[in-house]
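Q: Got a model I'd like to go through with you. Can we start with how the chains meet?

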Amino acid sequence: MTDSTTSSHYAPGTHPDLPPPRRTTGVVGWVYKNLFSTPLNIVLTLVGVWILYLIVPPLLDWALLESVWTAENRTECWDKMEVAEEAACWAFIKSRLTLFIYGFYPEAERWRVNLSFVLLIFAILPVLYDKLPGRRHWMWYVAAFPFLVGWLLVGGLGLAPVETSEFGGFMLTLVIGVTGISFSLPLGIALALGRTSNLPALRILCVLFIEFIRGVPLIALLFVASTMLNYFLPPGTTFDLLMRVLIMVTLFAAAYIAEVVRGGLQGIPKGQVEAADSLGLSYWKAQRLIILPQALKISIPGIVNTFIGLYKDTTLVLIIGMLDPLGIGRSSLADAQWAGLAREVYLFIAVFFFLCCFGMSRYSLYLERKLHTGHER
Amino acid sequence: MANTDQTASAPELDSKVDTSESTISIRGMHKWFGDFHVLKDINLEVTRGERIVICGPSGSGKSTLIRCINRLEEHQQGSIVVDGTELTSDLKNIEIIRSEVGMVFQHFNLFPHLTVLENCTLAPIWVRKMPKAEAAEVAMSYLERVQIPEQASKFPGQLSGGQQQRVAIARSLCMSPRIMLFDEPTSALDPEMIKEVLDVMVELAESGMTMLVVTHEMGFATAVANRVIFMDGGEIIEQNEPNEFFTNPQHDRTKLFLSQILSH
């Protein structure tokens with residue numbers, strides 16, 4: 001091994017594969033290459049470590065080590081601390097937890113929300129994980145899921161009706177987010193196909209729709225939903241506010257999805273369509289089997305980006321008076337018993353949103369890796 | 001040469017009579033790309049089992065001509081009848097003809113998101129409604145014929161160019177086409193891979209397949225073609241059986257072209 005550098009050992013054609021030089025692989029190699037390879041890299045590494053040292057220990061102290069978890073009100077909380085107001089008072093969040101989760105959903109009916117959440121997990125699983133045994137049959141359940149949960153949450157047909165104005169908290173976020181995400185994707189794909197179609201009337205219609213929705217802020221659309229839509233409907237029709245919000249959020253996200261998917265469609269070489277055509281596949285079969293699977297794969301980062309944006313934008317319903325987690329947080333802070341604990345509230349909400357969005361982001365990376373099939377074309 | 005063929009399209013028997021000789025019949029066909037007159041008054045009769053090589057300088061319209069035969073390009077004047085069915089804007093006819101006419105492209109155009117086997121079984125399953133297991137069996141037999149059955153579960157991106165092109169040929173054959181179109185099948189290949197593709201094509205020709213091949217492989221033309229067609233400027237300039245075509249070209253433009261491609 002020591003004389004592996006002397007090269008004339010082997011007859012031509014018999015040179016074996018030798019291991020790479022030490023310190024280029026393994027942990028040492030990685031640390032050297034990524035953290036200390038150049039003077040600038042060394043400086044950046046040290047600065048990074050220093051910044052982490054400044055931020056992480058005090059944050060841990062505040063949020064976990066010194067924090068207070070049980071108290072009746074803020075003064076009791078502060079009394080329990082070494083220095084008042086220098087640590088987190090999670091007792092506040094604990095006392096409001098049901099409000100944060102269920103909003104004003106009637107206490108006796110909260111099992112319906114819990115059941116819906118369990119059902120949601122079972123609906124997401126077959127969608128996200130394609131190796132699930134019997135996935136084909138699960139899909140029927142997935143298709144029925146929105147109606148099942150809609151019935152569970154709103155009631156009627158044997159269940160006590162619950163007004164949608166009593167929805168709130170994380171449950172409201174999930175209702176808007178999941179509905180928006182699951183309906184905007186198919187609608188967005190349809191719009192993208194329409195916009196790239198050869199039929200001028202269809203194309204113009206799709207372009208007008210997409211450009212209108214993209215040109216108007218979501219808040220404006222939500223105001224339209226909450227105030228103006230009644231003028232356009234026949235007098236006397238009552239149209240649930242939540243329903244109107246769901247429609248607006250879905251349309252809004254669909255327009256963005258459409259543009260992302262259109263980008264993906266343009267990334268598919270013309271030869272793919274020609275190959276599908278030459279095999280006798282019809283337009284729809286070619287789209288479904290050849291074009292869309294490839295276009296959607298390219299579009300995954302953009303689609304997930306849109307979904308994450310949509311999910312966070314659900315907090316905008318606060319402006320038209322719905323009580324999403326931010327709305328609940330704000331009204332909780334108005335309580336004199338707990339006033340002044342804004343940091344705890346907003347950090348708590350931020351962590352909830354971060355976990356959801358980070359989950360989506362990681363899933364999209366997993367999906368990209370899974371769908372990678374060697375070099376393209 | 002025209003065996004008693006068992007045509008499925010029974011209602012078209014009468015139109016079949018005058019085309020029993022020609023499996024492809026192109027008459028007075030013109031095509032324009034915008035203002036550019038790319039094909040001018042093309043007349044071509046192809047009999048069953050005939051192997052035709054089409055050559056000519058780039059931009060002469062040879063690719064466009066064979067792409068008109070399965071309507072990847074639309075012609076604007078004249079008529080094209082394939083296997084008794086005339087190509088019009090009728091989508092049904094187009095799909096029938098496309099499922100009877102196989103095409104192999106310069107850049108293979110395999111579906112990168114599907115395995116080699118799935119590439120081959122897709123059209124039989126979705127167009128011919130063949131059961132999955134049967135389609136897989138047929139596909140494996142054709143993959144054996146092009147000598148890459150061991151690659152069936154790989155993705156196209158993992159294969160060499162020559163292997164990809166052989167898969168593309170197998171994919172077309174899985175539809176049991178009556179006619180095969182080849183659009184410069186070896187032009188995008190590294191030199192050492194050209195032979196493996198040509199070997200498959202020669203074998204196919206020997207099995208009696210009707211073939212139209214756009215290529216500059218003059219060795220292939222001499223070996224298997226019944227007829228060589230020379231195109232230039234959107235016209236068929238000259239056609240002849242290969243030996244005569246190469247040794248005794250009639251037209252000046254043919255002579256010039258041959259001197260250019262055979263000079264080294």
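Q: How many residue pairs are in polar contact between chain A and chain B?
A: Six, with both residues at pLDDT 80 or more. A polar contact is a pair of N or O atoms within 3.5 Å; within protein, one must be able to donate a hydrogen and the other to accept it, and residues adjacent in sequence count only if both atoms are side-chain atoms. This is a predicted model: local features need pLDDT of at least 70, side-chain atom pairs need 80 or more, and totals for chains, interfaces and linings use all residues. Residues are numbered from 1 along each chain as written, chains are lettered from A and ligands numbered from 1 in written order, and side-chain values use heavy atoms, without hydrogens or water.

Q: Which element gives the most to chain A's side?
A: α12(A), with eight residues. Helices here are DSSP runs (H or I, at least four residues), and strands are E runs of at least two, numbered from the N terminus.

Q: What salt bridges cross over?
A: The rule finds two across the interface. The rule is a side-chain nitrogen of Lys or Arg within 4 Å of a carboxyl oxygen of Asp or Glu. One joins A:E274 and B:R67, at 2.6 Å, N to O.

Q: And how many over all chains?
A: 23. Within chain B, B:E45 pairs with B:R27, with the closest N and O atoms 3.3 Å apart. B:E45 is in strand β2 and B:R27 in strand β1, so the pair ties together parts 18 residues apart in sequence.

Q: How much area do chain A and chain B bury?
A: About 2,100 Å², 62% of it on carbon and sulfur atoms. That is accessible area (1.4 Å probe) lost on being put together, summed over both parts.

Q: New topic. Where does α13(A) bend?
A: At A:S299, by about 60°. The bend is the angle between axes fitted to the seven residues ending there and the seven starting there. A proline, A:P301, follows within four residues.

Key:
Buried area is the accessible area (1.4 Å probe) that two parts lose on being put together, summed over both.
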